[in-house]
Amino acid sequence: MNSFFKEFGQATVSGFKSTFDFQGSASKREFWFFLLFFFVAYILVWVLDDVFLKETVNIKALPLGDLVPAGYVDPQVGLAVLLFRPVMFIPTLSATVRRLHDVGKSGWWSVLWILPPVLGWFWLIPWLLRPSRQG
């Protein structure tokens with residue numbers, strides 16, 4: 001169990017250190033640990049936001065709000081969630097691009113996270129689950 005938390009911490013730190021690295025690659029384990037951090041942090045921020053802050057905006061009411069996948073899950077958000085999403089956008093995007101490079105795909109496929117909403121995930125996630133490309 002201790003090695004799980006060690007790897008989780010290393011992958012999280014590595015993900016943030018590589019925020020602006022869109023050229024390299026990320027192993028399957030590194031990517032999924034970073035994504036696990038994203039989801040755990042998002043849930044914590046969402047709970048804190050829901051308990052302590054008022055809902056401030058309806059994401060679906062924003063311009064292009066229908067293209068934001070999280071708007072389908074929780075369209076009414078407070079300030080904490082509203083700030084968390086853009087702060088985590090570039091680190092998550094770069095991790096996805098590096099992971100796609102690791103399986104031999106173009107990083108441009110990462111646009112499937114948002115276009116078309118949710119449907120692109122069915123194409124993207126199997127690639128992200130592939131083992132690393134050899135060589």
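Reply: Arg99 counts as buried, at 0% relative accessibility (buried means under 20% relative accessible area, exposed over 50%, partly exposed in between, with a 1.4 Å probe and protein chains only). This is a predicted model, where local features need pLDDT of at least 70, side-chain atom pairs count only at pLDDT 80 or more, and totals for chains, interfaces and linings use all residues. Residues are numbered from 1 along each chain as its sequence is written, and side-chain values use heavy atoms, with hydrogens and water left out.

Me: Where does Arg99 lie?

Reply: Arg99 is in helix 4, which covers 79-102. Helices are DSSP runs (H or I, at least four residues), numbered from the N terminus.

Me: What does the side chain of Arg99 reach?

Reply: The backbone oxygen of Leu128, at 3.1 Å.

Me: And which residues does Arg99 touch, leaving out those up to four places away in sequence?

Reply: Among them are Ala26, Ser27, Lys28, Phe31, Trp127, Leu128 and Pro131. Contact means heavy atoms within 4.5 Å.

Me: OK, helix 5. Which residues are buried there?

Reply: Leu124, Trp127 and Leu128 are buried in helix 5. Seen down the helix axis, the buried residues fall within an arc of 100°, so they line one face of helix 5; the arc is that of the directions from the helix axis to the C-beta atoms.

Me: What do they pack against?

Reply: The buried residues of helix 5 pack against helix 2 and helix 4.

Me: How do helix 2 and helix 5 cross?

Reply: The axes of helix 2 (residues 28-52) and helix 5 (residues 121-129) cross at roughly 130° and come within 9 Å. Axes are lines fitted to C-alpha atoms, for helices over the stretch in contact, and angles run from 0 to 180 degrees between N-to-C directions. Helix 2 and helix 5 are therefore oblique to each other (under 35 degrees counts as roughly parallel, over 145 as roughly antiparallel, 65 to 115 as roughly perpendicular and the rest as oblique).

Me: Which residues meet there?

Reply: Lys28, Phe31 and Trp32 in helix 2 meet Ile125, Leu128 and Leu129 in helix 5.

Me: And helix 2 with helix 4?

Reply: Their axes come within 10 Å and cross at roughly 170°, so helix 2 and helix 4 are roughly antiparallel to each other.

Me: New topic: is Gly15 buried or exposed?

Reply: Gly15 is buried, with a relative accessible area of 2%. Gly15 sits in helix 1 (residues 2-17) and touches Phe34 and Arg98, not counting residues up to four places away in sequence.

Technical notes. Helices (H or I, at least four residues) and strands (E, at least two) are DSSP runs, numbered from the N terminus. A polar contact is a pair of N or O atoms within 3.5 Å; within protein, one must be able to donate a hydrogen and the other to accept it, and residues adjacent in sequence count only if both atoms are side-chain atoms.
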